[in-house]
Structures are given as structure tokens and as C-alpha cells.
Amino acid sequence: MGRALEVMEVAPVAGNPRNGRPYRRLVDTQRALRLPCWWCGNAIDYTITGDAARRSAWAYTLDHATPLSRGGSLLDPSNARSAHRRCNSARGNRAPGSTSERTSRRW
């Protein structure tokens, strides 16, 4: 019990930019507009919040018109759109207006 504890230096871990204040401000600003889902056009239930919002397909999420994986800006208000969680997930990183081109597997 008489041993001293060693202090280890830990390299800083880059934080998730979606947890930052600028992103949360953008989410709150977009939510306050109470717009319908930009993907399906139906109303979003903005009353669903907290843990229920993470589970509900019809809850509000912030979507990006130009997907981040395709060079869209995380914090650009002109790239922010209101969407249902379900629509945002189903869309993936497809650009608006793109169709899912399925090829047939005819053997």
C-alpha cells in the first residue's frame, strides 16, 4: 500500500464535432423552424425528444443536403435540412434526386 501512483500522460482525443456547441446551435435553429421532412414531405413530430427521439422513426433529425461523405459542410446552415430519422437513415449518403440504380443479376 505504500507505492505511489504513476501519472500517465494521455494524448488528447479529438472530440466528435456533432457534440460541439456550433453543431447543437444549428440543430436547435433548424428544429425551431418546424419544417416538414425535406425527403418525404410529411410532418415531423417535434414533440418527440430525449431517449424516445433516438428510438422513434418519426422524430426530427438534422440531415445534410450534400452528404458529409461527399464534401458537404457539417455546420453550413444552407446545407441543413429537417428530416425524419427514418428518412435520413434510408437516404444514406445519396444525393437528392438520385435514384438507387439496381442492376439485375441475370445469370
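Reader: What volume does the largest pocket have?

Author: About 420 Å³. The volume is the space filled by probe spheres set on grid points, which are joined across faces, edges and corners. This is a predicted model, where local features need pLDDT of at least 70 and side-chain atom pairs count only at pLDDT 80 or more, while totals for chains, interfaces and linings use all residues. Residues are numbered from 1 along each chain as its sequence is written, and side-chain values use heavy atoms, with hydrogens and water left out.

Reader: What makes a residue part of the lining of the largest pocket?

Author: A lining residue has an atom within 4 Å of a pocket point (on a 1 Å grid over the protein atoms alone, a pocket is an open set with protein on both sides within 12 Å along at least five of seven lines; in a cavity a 1.4 Å probe fits but cannot get out). The largest pocket has 17 such residues, and the closest to its centre are Arg-24, Val-27, Tyr-60, Thr-61 and Arg-85.

Reader: Which elements give two or more residues to that lining?

Author: Helix H1 (21-32), H2, S1 and H3. H1 gives the most, four residues. Helices (H or I, at least four residues) and strands (E, at least two) are DSSP runs, numbered from the N terminus.

Reader: Why is the contact of Asp-51 and Arg-54 called a salt bridge?

Author: The N to O distance is 2.8 Å. The cut-off is 4 Å, from a side-chain nitrogen of Lys or Arg to a carboxyl oxygen of Asp or Glu, so the pair qualifies. The two residues are three apart in helix H2 (residues 50-55), separated by about one helical turn.

Reader: Which residues line the second largest pocket?

Author: Asp-63 and Arg-91 are among them, along with others including Tyr-23, Leu-62 and Asn-88. This pocket holds about 160 Å³ of space. S1 gives the largest share of its lining, three residues.
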